[in-house]
Amino acid sequence: MTTGSTSAGWYLRRLSRMGPREVGGRVGDAVRRRRWRSARPECPSVTGARFTAVLPAGALAAVPSDAAKRLVAEADRLMAGHAEFFGVDRDDLADPDWWYDPKTGRRAPWGYAFGLPYRDEDAVGDIKQIWELSRHQYLTVLAAAYALTGNERYAERVAEHLRSWWAANAPLHGVHWISGIELGIRLLSWVWIRRLLDGWQGAAGLFEDNPVAVHQIWHHQRWLAAFPSRGSSANNHIVAEAAGQAAAACAFGWFPSSARWRDDALRSLERHLKSNTFPSGLNRELASEYHGLVLELGLVAVAEADAAGVAVPPTIRLVLLRMTDALAAVVDNRLRPPRQGDADDGHGLIVDGAGTDRWASLLATGDAVFGRLPWWPAVTGTDVRTPLLAALLRPYGKAGTAPAVSRPASRPSHFADAGLTILRGPEEIWCRCDGGPHGFLSIAAHAHADALSVEVRHDGVDVLADPGTYCYHGQPEWRRYFRSTLGHNTLELDGADQSVSGGPFLWTRHARSRVLAADTPGDGVARWCAEHDGYQRTVHRRRVELDAASQELRVVDEVRGPRRAARLAFHLGPSVTAELVANRAVLTWTRDDEDRSAVLELPGRLSWRAHRGETGPPLGWYSAGFGRKEPATTLVGTGFADGTEDFTTVLRFRG
């Protein structure tokens, strides 16, 4: 059977979003895949391979004790066979089945990789569940535990699992040879596993002196060189592919093609980091978690080049610097970034235990490599990854690593190229306003139909929340909901999304937004205004004002065009309760054992109802992470928009 995403109609819609060059490249890929099926490339013989990209002396000693303690606790949980991936608890990690999906209970079929229907959950299972374990990022945690403690049981478990994986996943066979991003991230993990196991007597026998490992490493790199993500798919995937290829070619430079692979990968990384990033430093996919993933991937790749003494194109460091400053600018007072667009909990490198703040870790690494600016938020947490990466990375600007660049003198609040504006007020009020493009490239794969949406927090608590992502494959009704216009804090007309979806990672028509005004003074009243044309013959314009003195947020929606059915949604965070009477809702929540509250005055022209945890169809849900969802209150007002009167909403925080 085929799923909706792989029907003939989907292929036609997908083809319509490609240009001639991309089509030609994909035809060449198809020919190569067919040829490799009957004549698999052979790994050249390798002799005298050595691994020299070790951690500098003192790197492990620089790891803070509390971060090391969290890491070891996580490693011990893994040693006991326990882990959680995308909301599913696993207790089989002592001896994992590499093709098993614990969510559906299905096991992926064996066969030539490019012939497997990986998008079909009925045939394969949830491919994200199957792929995640084989990124081997849990093994980097175990390897780091060995490096910090010297306890060989961690190293022995890593070796056991790698040998098991290599034996079960012959090159080009099975689902783990389908997606380039998976191969790229797996290579990054293998590089770091080898580095972290360097003090173990079995490390060389596991890697460079092991013909099976050498063949796997070669085939991963040969695959990535042959099948890069192309054209409309050249988003975070191509960055992961280039990062993994560059890292492996630097650290495992044992093959005749290693220098070429390395140089090609660094050129690709330079090109695609730049194309994936706005000049302001924000990621062009306008999906906050992918900003973090791409930044991590770039930092890890540069660390490998620096460790190998390989020159890195200056533009790479410059883009990573701008991404780091942009991240520092947009986080709230608890260091949480926006929840914009898709999120699937993807990481470039994991060497930390549970409870380590990802975003604090990235900012700490940015501080170590680039230097913090005076307006950056304070980072108080600790992590393992920062001192390890900092030991390999050359500080920015040292020994000609990058050109001089002008960095923001004060904290940016409006990113004109990305259409993202942050309004800030007293008592740690944070409001994100979205007036930017509908995602990246022609398919905008990770975009949501969220034009003009707002996201409001108070001291880090989601008050008006972006509900998140929850899933990608296998649950189309839920995928549609979490990407929908109704699934965001904005206005829906005639029951339709602002942009037109052609599949779970495909938009065939994109709403165009433009910011008309953005005034963000340090005090007083901050103002933002934008509009979009997603509804034909109609323009939706929204104005947002945040009054610092009164702690009041005002949202005014104006619809210009013919009379249309309207639904205005406000999604509350999962910790917020609402008492709705007519068009007035009293919101309450607790933060650090202190009761907080606000009043939400809703437009009286609409009829308001509270929805929570509904499934037919989905409404009233919040996804804190990929694969996880929980009921949350959504307030929906229904009525008509005829252009005669605006819809005004006022959120007042109580002192």
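This is a predicted model: local features need pLDDT of at least 70, side-chain atom pairs count only at pLDDT 80 or more; totals for chains, interfaces and linings use all residues.
**Close-up 1. The open sheet of 5 strands, β3 to β7.** Walk across this one and the order reads β3-β4-β5-β6-β7, with antiparallel pairing. At the edges you'll find β3 (414-415) and β7 (461-464). Each of these has a single partner strand, so one side of each has no neighbour in the sheet.

**Close-up 2. Helices α10 and α11 packed together.** Here α10 (residues 211-226) meets α11 (residues 236-251) at an angle of about 140°, and their axes are 10 Å apart. That angle is why α10 counts as oblique to α11. As for handedness, the crossing of the pair is left-handed. To find the contact, look for Gln-221, Leu-224 and Ala-225 on α10, and for Glu-241, Gln-245, Ala-248 and Ala-249 on α11. Sorted by class, the residues in this contact are 4 nonpolar, 2 polar and 1 charged.

Close-up 3. Strand β15 (residues 564-571) runs antiparallel to β24, joined to it by 8 bridges. One spot to look for in that pairing is Arg-564, which stands opposite Ala-641 of β24. Strand β19 (residues 607-612) also pairs with β24 in the antiparallel sense, over 6 bridges. There, Arg-609 has Val-636 of β24 as its bridge partner.

**Close-up 4. The β22 and β23 hairpin.** These two strands form a hairpin with 2 residues between them. In the turn sits Gly-627, with a positive phi of about 80°. The pairing of β22 with β23 (residues 628-631) is antiparallel and spans 3 bridges; Tyr-622 stands opposite Glu-630 of β23. Of the 5 residues in β22 (residues 621-625), 4 are buried, so this strand is largely enclosed by the rest of the structure.

**Close-up 5. Pro-171 in its loop.** You'll find Pro-171 in the loop between α7 (152-168) and α8 (180-196). Its relative accessibility is 10%, so Pro-171 counts as buried. Set aside its neighbours within four places in sequence, and Pro-171 is in contact with Arg-40, Trp-177, Gln-216 and His-219. For a sense of scale, the C-alpha atoms of Pro-171 and Leu-491 are separated by 49 Å, with the two residues 320 residues apart along the chain.

**Close-up 6. The open sheet of 8 strands, β11 to β16.** The order here is β11-β12-β13-β14-β25-β18-β17-β16, again with antiparallel pairing. The edge strands, β11 (513-519) and β16 (577-581), each pair on one side only. On average, and ignoring direction, neighbouring strands of this sheet are turned by 15° against each other. Inside the sheet, 8 bridges join β17 (residues 584-591) to β18 (residues 594-601), and the two run antiparallel. Pick out Thr-590 and you'll see its bridge partner in β18, Asp-595.

Technical notes. Residues are numbered from 1 along each chain as its sequence is written. Side-chain values use heavy atoms; hydrogens and water are left out. Two strands pair if DSSP finds at least two bridges between them. Axes are lines fitted to C-alpha atoms, for helices over the stretch in contact, and angles run from 0 to 180 degrees between N-to-C directions. Angles under 35 degrees count as roughly parallel, over 145 as roughly antiparallel, 65 to 115 as roughly perpendicular and the rest as oblique. A crossing is left-handed if the near helix is turned anticlockwise from the far one by less than a right angle, and right-handed if clockwise. Contact means heavy atoms within 4.5 Å. Ala, Val, Leu, Ile, Met, Phe, Trp, Tyr, Cys and Pro count as nonpolar, Asp, Glu, Lys and Arg as charged, and the others, Gly among them, as polar. Buried means under 20% relative accessible area, exposed over 50%, partly exposed in between (1.4 Å probe, protein chains only).
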